[in-house]
Amino acid sequence: MDIKLPTLTIQPDWTAESQLVKCQEELDEIKEAIAAHDDVNAIREAFDLIQTGHTFLQIMDESYDGHLNVAKFLTEHAAKLKRKGYME
Ligand SMILES: [Mg+2]
């Protein structure tokens with residue numbers, strides 16, 4: 001399963017920290033959906049969570065004017081998972 005998430009227009013009040021707060025809120029919503037045996041809503045909330053994580057990375061990238069090249073960390077991330085045997 002490959003998922004390409006939308007790149008959002010960063011809103012003026014969004015910060016790296018505010019995205020982390022939102023990640024926790026979305027995580028709590030997934031937990032609530034799972035507890036309610038509502039898998040469909042859990043999936044929707046999981047998309048909210050990973051979108052918020054994606055937006056966190058986007059904010060970090062833009063805060064360094066792209067000099068940090070956050071996308072290159074995806075290669076490193078995939079290599080780590082492969083080393084652990086999670087990509088066989
Ligand atoms: Mg949500």
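This is a predicted model: local features need pLDDT of at least 70, side-chain atom pairs count only at pLDDT 80 or more; totals for chains, interfaces and linings use all residues.
Reader: How do you know that the span of helix α1 agrees with what it should be?
Author: The expected span is 1.5 Å times one less than the number of residues. Helix α1 (residues 16–35) has 20 residues, so it should span 28 Å, and its end C-alpha atoms are 29 Å apart, which agrees. For α2, with 25 residues, the reach from first C-alpha to last is 36 Å, close to the 36 Å expected.

Reader: Why are α1 and α2 called roughly antiparallel?
Author: Two packed helices are described by the angle between their axes and the distance between the axes. Here the axes are lines fitted to C-alpha atoms over the stretch in contact, and angles run from 0 to 180 degrees between N-to-C directions. α1 and α2 pack at about 165°, with their axes 8 Å apart. Angles under 35 degrees count as roughly parallel, over 145 as roughly antiparallel, 65 to 115 as roughly perpendicular and the rest as oblique. The two helices are therefore roughly antiparallel.

Reader: Which residues make that contact?
Author: Two residues are in contact if their C-beta atoms, placed from the backbone, lie within 7 Å. Among them are Leu-20, Cys-23 and Leu-27 of α1, and Leu-49, Thr-52 and Phe-56 of α2.

Reader: What makes Leu-57 partly exposed?
Author: Leu-57 sits in helix α2 (residues 39–63). A residue is buried if 20 or more other C-beta atoms lie within 10 Å of its own, exposed if 12 or fewer, and partly exposed in between. Leu-57 has 17 within 10 Å, so it is partly exposed. The C-alpha atoms of Leu-57 and Ala-71, 14 residues apart along the chain, are separated by 8.8 Å.

Reader: Which residues of α2 are buried?
Author: They are Glu-45, Thr-52, Thr-55 and Phe-56, and these buried residues pack against α1. Across the 88 residues of the protein chain, 7% count as buried.

Key:
Residues are numbered from 1 along each chain as its sequence is written. Helices (H or I, at least four residues) and strands (E, at least two) are DSSP runs, numbered from the N terminus.
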